[in-house]
Amino acid sequence: MIESRKLGSIGVSPVGMGCMAFSHGYGQIPEESYSIDAIRAARDFGCTFFDTAESYGKVLYYEGHNEEIVGKAVKPFRKDVVLATKLHFTDMVPTDEAETMDCVRGHLQRSLRRLGTDYVDLYYLHRVHLDVPVEWVAAAMGKLIDEGLIRGWGMSQVDVDTIDRAQRVTPLSAIQNIYNMLERGIEATVIPYCLEHGIGVVPFSPVASGFLSGKVSASTDFSHADDVRKFVPQLSAENIDANRPVLDLLERYAVEKQATKAQIAIAWMLAKYPNVVPIPGSKNRERILENLGSWNVALSEGELKALDSALDSIPIHGHRGYVQFEGGKMSDWGKK
């Protein structure tokens, strides 16, 4: 039996599953039946943590497309897994605390219907809106927790100052920021703060949009209308070549551990921090199970120290950064 980790008080498998790619972000999506089977295969493997958002599917389909798929997939075992989803302030931007409560509740009610459940385990503010104080959002989330509609709450792509402001109103369960071997910005202050306050850290893109798997090259086609990888700074042709030393490093450890490069990349963050629960995303069943298998890859303290030392010596090209606000464009990723 795999050891669980905590997001606040919520127990989850050490690696979760980001479900976005079944609706958005990585080009052509599979048939719904394939997506449902893949999610259920992850559950059979031992995954108990599934992440979605109301916005996933909006580009090609409609708001909530991904939530509907996830809801159908987990229906047979809903009470045995942890569901996370997220809201945006887009169509309606509240102007005071009461409106914020009504707005957040409305978004949650729509997500509950699509997910086919009467509660969400973890409810995130997907991006902070600069016109909506996080204190208002935190207060609204506290009421939803009191009512039993959510078990915990979180925010995404935020710095430690924003986290602290929200934490002082309603304690957070998790922070979902980008984190991987190429994007280590949250190691300086965000992870230490979360460790101190019992907050889980949920890294999205732990394999750097596929780069750390070694399966992305300068010739990989990102031209599909809904492929966000075209905007990832580290996946420009020149930066893919410039960051190759990281892949060489991963290959050495992969051979030694009889693992894949992606598994080493995920095992690295699991070994570093006890509150980290990465959510690699893929639309490919084989990749999904491979990523989950990273929790079986053990790195000793000496191996971890050597790996970190080697990473520290490699210059990284094309940082995206981890702080983003509502209204930011993907084409702005990496720009000052």
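Start with helix α4, residues 134–146. Val 134, Val 137, Ala 138, Ala 139, Ala 140, Met 141, Gly 142 and Leu 144 are its buried residues. Buried means under 20% relative accessible area, exposed over 50%, and partly exposed in between, with a 1.4 Å probe and protein chains only. Helices (H or I, at least four residues) and strands (E, at least two) are DSSP runs, numbered from the N terminus. This is a predicted model: local features need pLDDT of at least 70, side-chain atom pairs count only at pLDDT 80 or more, and totals for chains, interfaces and linings use all residues. Residues are numbered from 1 along each chain as its sequence is written, and side-chain values use heavy atoms, with hydrogens and water left out.

**Around α4**

Contact here means heavy atoms within 4.5 Å. Check the length of α4 next. At 1.5 Å a residue, its 13 residues should span 18 Å, and the end C-alpha atoms are 18 Å apart, which agrees. The expected span is 1.5 Å times one less than the number of residues. Step just past the helix to Gly 148, where phi is positive, about 80 degrees.

**α4 against α5**

Axes are lines fitted to C-alpha atoms, for helices over the stretch in contact, and angles run from 0 to 180 degrees between N-to-C directions. Under 35 degrees counts as roughly parallel, over 145 as roughly antiparallel, 65 to 115 as roughly perpendicular, and the rest as oblique. The crossing is right-handed. A crossing is right-handed if the near helix is turned clockwise from the far one by less than a right angle, and left-handed if anticlockwise.

Now show side chains. Val 134, Glu 135 and Ala 138 of α4 meet Thr 162, Arg 165 and Ala 166 of α5. By class, this contact has three nonpolar, one polar and two charged residues. Ala, Val, Leu, Ile, Met, Phe, Trp, Tyr, Cys and Pro count as nonpolar, Asp, Glu, Lys and Arg as charged, and the others, Gly among them, as polar.

Stay in this part of the chain and select Gln 157, in the loop between β7 and α5. Gln 157 is buried, at 0% relative accessible area. Its phi is near 60 degrees, a positive value in a residue other than glycine.

Select α3. At 1.5 Å a residue, its 19 residues should span 27 Å, and its end C-alpha atoms are 27 Å apart, which agrees. Its buried residues include Met 101, Cys 103, His 107 and Arg 114. The buried residues of α3 pack against α2 (65–74), β5, β6, α4 and β7.

Go to Met 92, in the loop between β5 and α3. At 40% relative accessibility, Met 92 counts as partly exposed. What does Met 92 touch, not counting residues up to four places away in sequence? Its contacts are Glu 99 and Cys 103. Met 92 and Cys 103 are eleven residues apart in sequence and 7.4 Å apart in space, C-alpha to C-alpha.

**α1 against α2**

Bring up α1, residues 32–45, together with α2. They pack at about 55 degrees, axes 9 Å apart. α1 is therefore oblique to α2. This crossing is right-handed. Glu 32, Ser 35, Ile 36, Ile 39 and Arg 40 of α1 make the contact with Ile 69, Val 70, Lys 72, Ala 73 and Val 74 of α2. The contact residues divide into six nonpolar, one polar and three charged.

Select Ser 55 in the loop between β4 (49–51) and α2. Ser 55 is buried, with a relative accessible area of 19%. Leaving aside neighbours within four places in sequence, Ser 55 is in contact with His 88 and His 126.

**α8 against α11**

Last stop: α8 (residues 244–257) and α11 (residues 301–312). Their axes come within 10 Å and cross at roughly 165 degrees. That makes α8 roughly antiparallel to α11. α8 passes α11 in a right-handed crossing. Val 246, Leu 249, Tyr 253 and Lys 257 of α8 meet Glu 303, Ala 306, Leu 307, Ala 310 and Leu 311 of α11. These divide into seven nonpolar, no polar and two charged residues.
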